[in-house]
Structures are given as C-alpha cells and as structure tokens.
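Subject: Handing over a structure

Hello,

Here is the structure I promised to pass on. Please open it first, then read my notes below.

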Amino acid sequence: MTASHIVFILFVAFATGFFALNVQRLVAYMRLGRPDDRTDRPLRRIGNTLGIAIGQSKILREPVAGVMHALIFWGFMVLTVGTIEFILEGIFPGFSLRFLPTPLFRLYALSQDVFAILVLAAIAFAFYRRLVLHPRRLEGDNLEHLDALIILSMIAGLMVTMLLANGFLAALRPDAVPGDKLLSRGLGLAFTHLSPRTAMVGHDVAWWAHALLIFGFLNYLPYSKHLHVATSLPNVYLTNTPHPWPRVMRPMDLEAEGVEQFGASDVEHLTWKNLLDGYSCTECGRCTAACPANITGKPLSPRKIVINTRQRLMEKGPVVTGDRMEFSRPALVHGEGMDGGAVSVTQILEERRLLDTFVTEAEVWACTSCRACVQECPVGIDQLEIINEMKRHLVLMESRFPEEVQPTFQSLERNGSPWAFSPGDRARWAEGLDIPTMAEMVERGEQPEILFWVGCMGSFDDRAKKIAVAVARILQAAEVKFAILGQEETCNGDPARRMGNEYLYQMLAKQNIETLDRYGVRTVITSCPHCFHQIGNEYPQLGGNYDVVHHSTFIEKLLADERLPLGGAEREKLRVVYHDSCYLGRYNDVYEAPRDTIRRSLPVVELVEAPRSRDRGLCCGAGGGRMFMEEREGKRINIERTEELLATGADEIAVACPFCMTMMTDGLKAKESSVPVRDIAEVVAARLAPQPASLTT
C-alpha cells in the first residue's frame, strides 16, 4: 500500500466522520419536533418511493425542466455505483467490479460514460435557465442563487474529473479502462501524444480532484438547500400525501391531559416530519407556481413557508441542543439575523419564532387549502399541514383571525351554519317535493337506502338550493329510497376546521356523528365536496365511519346502469368546460365521474378542458374558509379562474360543488358574461323524462 493510499484512507475517514457529525446534528434538530408515526403501509410507501422519487413521476410533469432534473437524478443514481467503486479502489488498490457477470459489467461500464454526458448536458441547460431564462419560480435571494450555482458547478466538476481521470488512465494503460467506456477510451486516444509522466500527473490530478469533489460535495450538503439530495428519498417514503392515504388534517386531542399548546407558532410545535420536509425542500418553486393565492398577487408562497421552517430550525436548533457547529444561513448563534442585525440567544429563544418573525399572519390566511402545492411537490412535502397548524395556533391560542371570520364562527356555534339562518329553515328547499326526513321514516318503521346530506349551501343558498332539488329529482326518478335530516342536520364543520377553529369543528362533527349513529346511517350522498370529504375522510378521526358518495359518482353510476329515464329534449351541440373542485379532485381523486356524467347525459356535448384542469386545476378561491373572507390583495382568484374557463370558448361551465358554483357565478357577473354555469346534477335533471308536477321547481 502506497503513501497515496494511506493519505486517501485518512482523508475518507475524516470526511465521512465530519459528515456523520453533521447528520447527527441535523437529526438532533429534527427531534425537536413532535412525534409522528410513519411506519404504516410499508409496501405502499415503497411503491411511492419507486414511482415518485426514483421514477421522478412528479418531476416529469414539466416536460423540459422535468427531463433535465430527472437526468441529473438518474445520473447520480447510476454514477453512485461508480463512485463506490472509485472509493473502494482508493482504499483497496486494484479493486474493481470486473467480478460481476460480463453482460452486467459491460452495461455498468457503458452507463458511466453515457450518464456523465447526459448529466453534463442537463447541467448546461440548468445554467442556461438560471443565468439567461430566469424562471420566476426559481428567483430567490442572492445566497440561494449562489448556492445553486455552486452545486451545479460541483456536479459538473464531478463529471469532468471522472472522465478526465479515466481518459488519462486509458492513455497510460488501455486495458485498465473497459472498452464500453467509449468516451473515456476516446479521451485516451486523444491523450496518447502525451508523455507517460505527463499522463500520470494528469491522471493523479484528475483523480484527486474527483475525490475532493466527492467528499466536498457530501459535506457541503448539510449547509445547502441541496440537502434534499440525501433526504428526498426517505422523505418520499415517509410522506402520507399520495393516494391511498386520505388527505386529512392532523387530528387534535383537545381533551388530552396537560396539553398547553394547540397548533404551531414555532418549529418545536410541528412534527419531525414537517422539519424533515424543510430539509428536503428543493426550492424548485413548483408549489408556489401552482398556488392560486400567489398567482393572483397574494403574499402566500408555499415554497417560502417551507424554507422559513428550515431557516428557523437552523436558527433555533443549535441553541436548544447546545450545538455550536451550526453556521448555516440565515442566522447565527450570537450572529447575524435575517434583517442583518445581531441575534442573541435570548432573542432566538424568547423573542423570535416561526410565526410572525418568519411567516406573517397575512401569508397564513391567504391559503385556500386547495392542495395544489402538495400535489406538485416532487419530494413529498406537505406545505398545507404547516399552514393549517399555524392557523390553529392563531385561532385557539391567540384569537387572531380576520374580522369577518368572527360572525362566521358565531353563526356556526349558534345556528349550526356559517350564516345567521334559523336551523328550522333547513328543509324549506324541499317543500312540496315529498322528501321524508330520517325522523319521519323511523317513525314509520322504515330505513332508507341512503341519507341525502344537503349541506349548508344546499339548505340556505338560493342558487345551491336548485342543485339540491336537482339531486332529489334524480334520486326519485331512479326510485332510490332516501331521506334527509332536515333541521337535525348541522354544518359538517369544514369551514371551522380549515379556519383553525378545531374546538368548534369537533363540537359540530360530534353532534353530527351522534345524529347519524342514532339513525344507524351507513351510506351518505352529498352534493358538496366539502361535506363529502369531511364526513367520509375526517369524521373517522372522531369515530364516525360512513360510506360517503359524492353525487357526481352516484349519478354517473345511475346513468351507467340505465336507471335514469332520460327523455328531455336534446339541445344543439354544446361546448362545455368542467371546473374541477379541489376537494373532489386533489383531495379525493374524483376526476372522471363528473365528466362521464356530462358525456352520458348530453350526447351532443363537446367537453373541452381548461389549460389548468384535473389535478392541475385552479382553485375557485372559496376553500380554506376563504368563502367567508374578503380578498383585499391582488386579483380575485375566482376572476382568474373565470377568465381561464371563458377563454376555452365554452358555451356553458359545469361544476360539481356549490362553493364553486357561487364563485364562478360571481366571476361571470364581474366579467359581464352571459355564459351559464350549471351543476352536473342540474345538467342531468334537465334531461329527465317529465316528472309529476310536485317535483318541479
């Protein structure tokens, strides 16, 4: 063993030891977060890792930039094998992977040069994007920009030094470089004119430069946003965001003994997975680019929320854990703060926190809870969970919320709906329709097939009442035995929960669960995606387990089974554009049923798609409790969406949510457009064969 090999062994030991200390430090910071069990469904988690992390399925949603990033990632995976061989060769002179079966070794050898070139090409394009194209979503502070350029340069350096080292080696000893490394052998031919000594010096310089870059890159990662290179794979494995996990808010035990904190104002109130999300953020900006609030000029940036979480953890972690190795941005212990001023330990612990210091109240309340950010994230980050926890803290701990929310909370508490309507008026929309209540059916000793959960919009909003009537007409035409709760129904609690008032939500939800269980309800149909999601996916957290079906799915099944007598007059050919509800689509993966319903009920329809549709659909702006708040900054979200739908040239807009109906109707009025908007239930009801006079509106 030569002195060079001994030096290399010592170098490897030092570099890996330093990296291990950094890993230990980062794990210690992450443990400041609350517990969170992510050990369930291991096979599903492996599947997500293979598809999202390794297959880069979300990255490839963008064809150009996606291919660039995927090539870099796949190149890293392939070239990691070569890096392992390189390190082992440095420790054990003469080590090689030639012991592999010949076909496998040849494939490995070929892959090294091929992916090196592909990665270099991708890196060149990445430089072009950052330095010339300047995509808006990649814009950040100067440190972020410099960090990206440093990482790109290091990756390019790794590729170049590897190829040069192999090229010089091929010039010295052609048999030492496999013939399948075509580029390396080609470089060897180009270097044949060099003297053996010069070629040896060139090889040693390139070899050591490659080694320094490998371990320099490894130890730079803990201080870089590119820490995601090491954390993205485990983060995707641990995420609960892809199907089949329900997209639910984190449960909260309001009666737990000794609990003094509700929601999150600082990093220790979040879970360790939320903090791992901060480590894993690639700062790609896909979340912010898809955020309807950000698109329309609101202060919210999901990317910034996650970055701020990491920044605050890096500021507070060293102080709480007693660590003094931390020197990453944006703040040092007794060093420089975000505003350029000095930051003391006292300030870090007592005066500064994630909420208010890093994230403003306005950012939190701008969120529509549409999950577009979560849908787009390529590394399994749940930005919405952090936002929701901060809302909970603002409401439950500090009573801080927009002034117009107070009447909504009061109405929910007093009247069981977001508006000051009498609970006794809940069933007035059904007068003359001969629809029984559950109480009436039980009194007659009958049990319905399903319960029609009308919801607050269907009960009190004049426009949404027409949707409720249409659903009732369809159920009666199909001879479905159903009932409603009438005045026994109260708000499902979704507005309260999405606005952070978990206490009010649980009060409403438990009241509804008690009512449903008292009547032995098992199957529920609802025309509101918010009711559909809440009762079906979040009530189980409180013990309410029901089979909940959205009316789009139920009606589509009735049409497919030919249980509906369609006999209404067919209209001339229509161009219809369907607007995807966030709570129906991104929350519950229901995309085809509403479209199939339209196609089956309108044979002459031309169903067109907006540029942003399905899981990329743009929110109407009503979710997250925004239905009950004013939009004081930027463009109204519903106007942005309405303009996009009108640009398709559609003759009619179809929706499957009463919230979307209200927002689209208001948007069309603002644009002075005569294009009608109808719920899919109304589309089908209009085609029903003539019904008895008692069922007409």
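Let me start with one glycine. Gly 82 sits in helix H3, which covers residues 63-91. Keep in mind that this is a predicted model. Is Gly 82 buried or exposed? Its relative accessibility is 12%, so it counts as buried, because the cut-off for buried is under 20%. Leaving aside residues up to four places away in sequence, Gly 82 touches Tyr 108 and Gln 112.

Gly 623 is 541 residues away along the chain, and the two C-alpha atoms are 49 Å apart. Arg 173 is 91 residues from Gly 82 along the chain, with 19 Å between the C-alpha atoms.

Arg 173 itself belongs to a loop. That loop runs between helix H5 (142-172) and helix H6 (182-190). Arg 173 has a relative accessible area of 46%, so it is partly exposed.

**The whole chain**

Now the overall picture. The protein chain has 697 residues, and 57% of them count as buried. It holds 29 helices and 8 strands. Along its principal axes, the C-alpha trace spans about 100 × 60 × 50 Å. Take the contacts between residues at least 6 apart in sequence: 79% of them join residues at least 24 apart.

How big is the second largest pocket? Its volume is about 710 Å³. It is lined by 31 residues, and those closest to its centre are His 69, Ile 72, His 226, His 228 and Val 229. Which of them gives the most? H3 does, with 7 residues. By type, the lining of this pocket divides into 20 nonpolar, 7 polar and 4 charged residues.

**A buried arginine**

H8 leads on to another residue worth a look. Arg 247 is in the loop between H8 and helix H9 (272-280). Its relative accessibility is 8%, so Arg 247 counts as buried. What does Arg 247 touch, not counting residues up to four places away in sequence? The list is Thr 241, Pro 242, Arg 371, Arg 498, His 533, Glu 538, Arg 586, Tyr 587 and Asp 589.

**The strands around E1**

Next, go to strand E1, residues 450-453. Both of its faces are covered. Ile 450 and Phe 452 are on one side, Leu 451 and Trp 453 are on the other, and all are buried. In a regular strand, side chains alternate between the two faces of the sheet.

E1 has parallel pairings with two strands that I can point you to. With strand E2 (residues 482-483), E1 forms 2 bridges. There, Ile 450 stands opposite Phe 482. With strand E3 (residues 523-526), E1 forms 3 bridges. In that pairing, Leu 451 has Val 524 as its bridge partner.

Look at strand E5, residues 574-578, beside E6: the two run parallel and are joined by 4 bridges. Within that pair, Val 576 stands opposite Leu 607. How many residues of E5 are buried? The count is 4 of its 5, so this strand is mostly covered.

Best wishes

Methods. Residues are numbered from 1 along each chain as its sequence is written. This is a predicted model: local features need pLDDT of at least 70, side-chain atom pairs count only at pLDDT 80 or more; totals for chains, interfaces and linings use all residues. Side-chain values use heavy atoms; hydrogens and water are left out. Buried means under 20% relative accessible area, exposed over 50%, partly exposed in between (1.4 Å probe, protein chains only). Contact means heavy atoms within 4.5 Å. Two strands pair if DSSP finds at least two bridges between them. On a 1 Å grid over the protein atoms alone, a cavity is a set of points where a 1.4 Å probe fits but cannot get out, and a pocket is an open set with protein on both sides within 12 Å along at least five of seven lines; lining residues have an atom within 4 Å of a point. Grid points are joined across faces, edges and corners, and a volume is the space filled by probe spheres set on the points. Ala, Val, Leu, Ile, Met, Phe, Trp, Tyr, Cys and Pro count as nonpolar, Asp, Glu, Lys and Arg as charged, and the others, Gly among them, as polar.
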